[in-house]
Amino acid sequence: MLSDMRVLIVEDETKIAAVIRRGLEAEGIAVDAAATGEEGLWRAGSTDFDAIILDVMLPGIDGFETCRRLRDDGVWAPVLMLTARGAVSDRVTGLYGGADDYLVKPFSFEELLARLRALARRGSVERPVVLEVGDLRLDPRTHQVWRGAAEIDLPAKEFALLEAFMRRPGQVLSRFTLLEQAWDSEYENRSNVIEVHMRNLREKIDHPFGAQSIETVRGVGYRLCRPG
């Protein structure tokens, strides 16, 4: 699967970029590189990439702004952000800006490769500006959710779960699939983590509106029901 990929590295530290490039090319992955956010935007806009590895601390526009501009420009290749800044607030900023995963330096190449595999499994599906299922609407770019005219405030995990459902309305999503979509390889290792977040999600998007849009399929997973 990885040997069919084309990856863009946006990293201004030449040694790090070279190590990542050599490792990816050894896996049969085609690699392009950029040293600034501006160059990364140009390359991503002119070539279809299967994934983008994006450093946060770049000269000129930083990785957060680069990621936001990529999404604004309609570039929806999965983005893996690299940074020495490991604070939760930085990770949240990156994810809210449109990143798909986050890796803190120093990291092992094996972990980077595993995260690329996870991103490749998701695929690079072009995302509409706003997802709509019945009277539920979700904007991936601005991290907003509405039921009818009422805006609903969701924390990051519940937003990621709802987005996974709204991209596949009517499909049953397994617990493993939901863990992969919302937690990547750093999901909380508790048997009931999905159940807890699903209960919280229903309390916010269904119960206040007398709706029952998320269905439990016993022994399999959950499904967002299509309207009538």
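1. A residue is called buried when its relative accessible area is under 20%, exposed when it is over 50%, and partly exposed in between (1.4 Å probe, protein chains only). Helices (H or I, at least four residues) and strands (E, at least two) are DSSP runs, numbered from the N terminus. The model is predicted, so that local features need pLDDT of at least 70 and side-chain atom pairs count only at pLDDT 80 or more, while totals for chains, interfaces and linings use all residues. Residues are numbered from 1 along each chain as its sequence is written, and side-chain values use heavy atoms, with hydrogens and water left out.

2. Strand β4 (residues 79–83) has five of its five residues buried, so it is largely enclosed by the rest of the structure. Val79, Met81 and Thr83 point one way from the strand, whereas Leu80 and Leu82 point the other way.

3. Five strands form an open sheet in the order β2-β1-β3-β4-β5, with parallel pairing; two strands pair if DSSP finds at least two bridges between them. The edges are held by β2 (30–34) and β5, each with a single partner strand, so one side of each is left without a neighbour in the sheet. On average, neighbouring strands of this sheet are turned by 20 degrees against each other, direction ignored. Here axes are lines fitted to C-alpha atoms, for helices over the stretch in contact, and angles run from 0 to 180 degrees between N-to-C directions.

4. The pairings can be followed strand by strand. Strand β1 (residues 6–10) is joined to β2 by five bridges, and Leu8 stands opposite Asp32 in β2. Four bridges link β3 (residues 51–55) to β4, where Ile52 faces Val79. β4 and β5 also pair over four bridges, Leu80 having Asp101 in β5 as its bridge partner.

5. Which residues of α5 are buried? They are Leu112, Leu113, Arg115, Leu116, Ala118, Leu119 and Arg122. At 1.5 Å a residue, the 14 residues of α5 should span 20 Å, and the end C-alpha atoms are 20 Å apart, which agrees; the expected span is 1.5 Å times one less than the number of residues.

6. The peptide bond from Lys105 to Pro106 deserves a check: the bond is cis, with omega near -10 degrees. Pro106 lies in the loop between β5 (101–104) and α5 (109–122). For context, most peptide bonds are trans.

7. Ala18 is in helix α1 (residues 14–26) and is partly exposed, with a relative accessible area of 28%.
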